[in-house]
Every structure is written in C-alpha cells, then in structure tokens.
Amino acid sequence: INDEQYEFLQSTGLLITNKPKLRLCTIIIDKSLVWYGSVNALGFYSDKDNIIKLKDDRIVAEMLNVLFG
C-alpha cells in the first residue's frame, strides 16, 4: 500500500494497518466478517490467488489479535 492509497482509505473512515513483515491478506468488516486469502484487495492478483469469506466472531477476534496484539 502506498501513501496515496493509505491516505485515501483513512479519509473514508477506514482503519488501515500495514505490517510489512506480516503476510496476512485480510479484510475485516464490522468485527464480524472476514475476507481472507492470498488476494491483495488493494493491488494486483493472479488466477492462482484465492480468497474466502467467513462470518465468525471467534475468527475475527483471532485475526484482530494477530494484527493488533
């Protein structure tokens, strides 16, 4: 994610966390819905990438713990 993308997303009210050493492509919506996989939602993807959608509060809690500690 570059500075321009980061600033735009923050201006829309989204909380953006970039951890360069952590390879976890995920989107968490309303602390209840997770999109998780190898697809970079803000960049390019290939036909070999995949993504799954989960609605599970426990998984969201675990993902947030990984991201924010």
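Does R58 count as buried or exposed, and why? Please set the residue in its context.

A: R58 counts as exposed because its relative accessibility is 69%; buried means under 20% relative accessible area, exposed over 50%, and partly exposed in between, with a 1.4 Å probe and protein chains only. The model is predicted, so local features need pLDDT of at least 70 and side-chain atom pairs count only at pLDDT 80 or more, while totals for chains, interfaces and linings use all residues. Residues are numbered from 1 along each chain as its sequence is written, and side-chain values use heavy atoms, with hydrogens and water left out.

R58 forms a salt bridge with D56, and the closest N and O atoms lie 3.9 Å apart. The term stands for a side-chain nitrogen of Lys or Arg within 4 Å of a carboxyl oxygen of Asp or Glu. Side chains of opposite charge can pair when their charged atoms come close. The structure holds one salt bridge.

Next come the elements of the chain. There are two helices and three strands, in the order α-β-β-β-α from the N terminus on. Helices (H or I, at least four residues) and strands (E, at least two) are DSSP runs, numbered from the N terminus.

The strands form an open sheet in the order β1-β2-β3, with antiparallel pairing; two strands pair if DSSP finds at least two bridges between them. β1 and β3 (51-55) stand at the edges with a single partner strand each, so one side of each has no neighbour in the sheet. On average, neighbouring strands of this sheet are turned by 15° against each other, direction ignored. Helix α2 (residues 57-68) packs on the sheet and touches β1, β2 and β3, its direction making about 120° with that of β1. Contact means heavy atoms within 4.5 Å; axes are lines fitted to C-alpha atoms, for helices over the stretch in contact, and angles run from 0 to 180 degrees between N-to-C directions.

Within the sheet, five bridges join β1 (residues 25-29) to β2 (residues 33-37), and the two strands run antiparallel. I27 has W35 as its bridge partner in β2. β1 and β2 form a hairpin with three residues between them, and D30 in the turn has a positive phi of about 55°.

For the chain as a whole, 14% of the 69 residues count as buried.
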